Amino acid sequence: MSIANSGYMFVLCAIPVAFALAMAIYFMKFAWKKGVQIGLKKEEMKGIVASSMIFSIVPSIAVLIMLMALMVNLGKFFPWLRLSVIGSGVYETMAANIGLQAFGFEKFAQMTPTAFVGIMFIMTTGYLFAPILNAVLLKSYDKGLKKAFSKQAGFSAVLTGAMFCGINAVWVPQRLLNFKNVPGIMAVIFSALAMALCIFIEKVTKSKKFGLFSMSIAMIIGMIAAIAANVMMK
Amino acid sequence: MNTNEVNTAAAGASGSDEYITKIHKYGRIFTIAAIITMFFPFIGISLIYGIKIDWGLTLQGLLNCIMVFWVIGCVEFVTYTPILGPGASYLVFITGNLTNMKVPCALTALDLADAESGTDKADVVAILATGASSIVSVVVCIVGMVAISALMPVLSNPVLAPGFSNIVPAIVGCLLVMWGFKLPKVLVPMTILGVIVCEVVGFTLFNGKSSYFTLAFVILSALWGYFLFKKGKIGPAAKKK
């Protein structure tokens, strides 16, 4: 653990984190300029940035909990890197456990420096496929999509919307039929109801500003429902 | 084409090729550089502390990992990139946390801005949303790393824990309604079909092999959407009716 929490480790992890942060800022500046060029109002773009920041705070807390769990086993800095760059709160614990098992250990406390380095490699490489595909194929994939979209006006919105509905068709049963997690089911139901109410209020009041925060409000109501369900089940 | 459409098309096409070329150029550069920097801790720590790498066991573990995660990566690439657009795709696949944060965030922003996927406007909106989201998640992680001992009592509070562990279900509920309003003719039958398939194959299999089911449902849903679009039931033709 002394290696995992060393100053060297901090510096080596801080480089990719700083890089990802720089990438986000660079792309945002680039998009802002393009937004102005195509006639988007600065207020509108500021609203998008503000609502996205507010929306992201709550899911970031979930990431923080994953970070806390991983820190106990892999030190402070590597989990911080994994959850800030490329990684996902959902998969990192799984990847770390696969690595641990490969080295024949049952507990992270038994981990040797060789196993720690091996686990770092496994976690880093294991989730690299999507960025690699992006670097190699995204340009041609995007070109193909744009070609298909240009032939029929309005088709892009339909296709991407339909694709998302397909994703949702898997996400919903995964959460709604998971009877081992009743608070999760309540979270789905109540956040959906709250979202419907928010959309109704937004339409009645014609308030775009309210719309900016409706998802955050509905999400928090869903979380409160999960907490309440858990308390009532006890 | 009416005046409004002409203006929109002109705004979207203005410098579009140059913009997209730059997005791909810098997207690729940043992606490749980020992948390289991700290996710094692994290489640096092995060199600094002289730790010998056991390639046999490492590759064995990697193989197990690849079997699970590369399928997920492939599905995420195929399904998320058309929704997010190229700029945001480069960004989110580097900053991570797609399902639980970046994708819902981008979808909400696109909905609020009334931006149609595939246009420059959608690309701009998605970049701004996911960029802002990335900054927040990185900053929260920095705060968490520095102040973990102070935050521990709150984050591990047994009363609050079910709320924190059910953020994704809460997001799913929100998106279900949001898209239910936008594309009910696609979302409702697909969601019902998803529930039926889950009941038939069993929750364990459905949950365990969700990447494969996601890919199948995305293809099916796209085909169903195309069918309805061709029939004039959804899309611009349906709005005119």
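At what angle do helix α1 of chain A and helix α5 of chain B pack, and how many Å apart are their axes? The model is predicted. In it, the two helices pack at an angle of about 165°, and their axes are 10 Å apart.

Angles over 145 degrees count as roughly antiparallel. α1(A) and α5(B) are therefore roughly antiparallel to each other. The crossing of α1(A) past α5(B) is left-handed.

Which residues meet here? From α1(A) come A:Ala20, A:Met23, A:Ala24 and A:Phe27. From α5(B) come B:Gly87, B:Tyr90, B:Leu91, B:Ile94 and B:Thr95. By class, this contact has seven nonpolar residues and two polar ones.

**The cysteines**

How many disulfides does the structure hold? Over all chains, the number is zero.

| Cysteine | Nearest cysteine sulfur | Distance |
|---|---|---|
| A:Cys13 | B:Cys141 | 12 Å |
| B:Cys105 | B:Cys174 | 13 Å |

A disulfide needs two cysteine sulfur atoms within 2.5 Å. A:Cys13 is in no disulfide, with the sulfur of B:Cys141 12 Å away. B:Cys105 is in no disulfide either, with the sulfur of B:Cys174 13 Å away.

Are these two cysteines buried or exposed? A:Cys13 is buried, at a relative accessible area of 0%. B:Cys105 is buried too, at 2% relative accessible area.

Notes: Residues are numbered from 1 along each chain as its sequence is written. Chains are lettered from A and ligands numbered from 1 in the order in which they are written. This is a predicted model: local features need pLDDT of at least 70, side-chain atom pairs count only at pLDDT 80 or more; totals for chains, interfaces and linings use all residues. Side-chain values use heavy atoms; hydrogens and water are left out. Buried means under 20% relative accessible area, exposed over 50%, partly exposed in between (1.4 Å probe, protein chains only). Axes are lines fitted to C-alpha atoms, for helices over the stretch in contact, and angles run from 0 to 180 degrees between N-to-C directions. Helices (H or I, at least four residues) and strands (E, at least two) are DSSP runs, numbered from the N terminus. Angles under 35 degrees count as roughly parallel, over 145 as roughly antiparallel, 65 to 115 as roughly perpendicular and the rest as oblique. A crossing is left-handed if the near helix is turned anticlockwise from the far one by less than a right angle, and right-handed if clockwise. Contact means heavy atoms within 4.5 Å. Ala, Val, Leu, Ile, Met, Phe, Trp, Tyr, Cys and Pro count as nonpolar, Asp, Glu, Lys and Arg as charged, and the others, Gly among them, as polar.
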